[in-house]
Amino acid sequence: MSSFESSPLEKAIFGEGYRWNVALLRLISEHHRAGRSVAVFSRRRRGFHVVEANGITKTFDEFGKYGEYLSKVLKLPPGTVRFSSTHGFKGQESEAVILLSADERNYPSIHPHWFLSTMFGDTIPTITEAGRRLFYVGVSRPKVHLDIVIFGENPSPFWTDAMPAGIKATPWGNIPQVALGAAIASIVELRVYNAQVEHFDVVRSQLKASGFRYHGDEKRWWRHFDVEHFDTQIVLSSPWANEPGIRIEAWHGDATIWQHRGPERRTPTNFNSAW
């Protein structure tokens, strides 16, 4: 994952802070385009997952709920992609499997306080062997295609030991970017031009606080909204929306669907004094 870089369009849709979501969406999209059934495995069923899409940030504490949301982002029919803990998929198969977090921290997963398990007869060798069996469950579930995704610096020793000779990492640039047609169709991009406003610093702070990002090349601010919930009246109620000199545009795809200009900037009055 250290070499992964989102495309500019992917960054616009999914943000820049959660690259692993984009990487996973790329893999899912590639398998879906090829007509394969897909299963995605996490080491644990519960955890903390954050997704930013179309300017909306969601958090999930269950891997399955996280997966359901990613499927909705891609507009995939329910059940197209199965998200499961590795253990939870035991005895099942899928044409393509994406095994996440296949690094040394998760396979084996040795808790810092592992010694507390000694009362149940566990030792480092037994914990390691249990991790090896779990890893084998993950890598033996695909019928056709296996993706190993390593978030940390070092892969799991189980993968290093089992990796067939000649296998090399696939450059992320070789995997097509996320199929964005559905995602783009579901958003409105609000563009705000504030270069001519009277209270520039105040408006800039307000836009930042409202979740807008700055597009340096085009000298404007932007933010995405879900098309179903976009409301111009809510936009106009924002404190910056009627600042003198401001210009606002709403874009859906390649078309402008709404525009607004604040009042003209006031010009200083010149007084002629006669003595």
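**View 1. Arg247 over the face of Tyr193.** In this predicted model, Arg247 lies over the face of Tyr193, at 3.9 Å from the ring centre; a charge sits over a ring if NZ of Lys or CZ of Arg is within 6 Å of the ring centre and within 35 degrees of the ring normal. A further example is Arg43, whose charged end sits over the ring of Tyr107, 5.8 Å from its centre. Residues are numbered from 1 along each chain as its sequence is written, and side-chain values use heavy atoms, with hydrogens and water left out. Because the model is predicted, local features need pLDDT of at least 70 and side-chain atom pairs count only at pLDDT 80 or more, whereas totals for chains, interfaces and linings use all residues.

**View 2. Strand 10 with its partners, strand 7 and strand 11.** Strand 7 (residues 187-193) and strand 10 (residues 247-252) run antiparallel and are joined by five bridges, while six bridges pair strand 10 with strand 11 (residues 255-261), again in the antiparallel sense. Strands (E, at least two residues) and helices (H or I, at least four residues) are DSSP runs, numbered from the N terminus, and two strands pair if DSSP finds at least two bridges between them. Ile248 of strand 10 is the bridge partner of Val192, and the bridge partner of Ile248 in strand 11 is His260. The hairpin of strand 10 and strand 11 has two residues between the strands, and Gly253 takes a positive phi near 70° there.

View 3. Phe4 lies in the segment before helix 1 (8-14) and Trp172 in the loop between helix 5 (157-162) and helix 6 (181-185), so the pair ties together parts that are 168 residues apart in sequence. Phe4 counts as buried at 1% relative accessibility, and Trp172 is buried with a relative accessible area of 13% (buried means under 20% relative accessible area, exposed over 50%, partly exposed in between, with a 1.4 Å probe and protein chains only). Phe41 and Phe89 form a tilted pair, at 4.9 Å centre to centre and 50° between the planes. This pair links Phe41 in strand 1 (residues 38-42) to Phe89 in the loop between strand 4 (81-85) and strand 5 (94-99), 48 residues apart, and both Phe41 and Phe89 are buried.

**View 4. Helix 2 and the residue that follows.** Helix 2 (residues 19-33) has 15 residues and reaches 21 Å from its first C-alpha to its last, close to the 21 Å expected at 1.5 Å a residue, where the expected span is 1.5 Å times one less than the number of residues. Among its buried residues are Val22, Leu24, Leu27 and Ile28. Just after helix 2, Gly35 takes a positive phi of about 80°.

**View 5. Ile56 and its contacts.** Ile56, found in strand 3 (residues 56-62), counts as partly exposed at 33% relative accessibility. Not counting residues up to four places away in sequence, Ile56 touches Val51, Tyr69 and Asp226, contact meaning heavy atoms within 4.5 Å. The C-alpha atoms of Ile56 and Asp226 are separated by 8.1 Å, although these residues are 170 residues apart along the chain.

Note on methods: Phe/Tyr/Trp six-rings, centres within 6.5 Å; stacked < 30°, edge-to-face > 60°.
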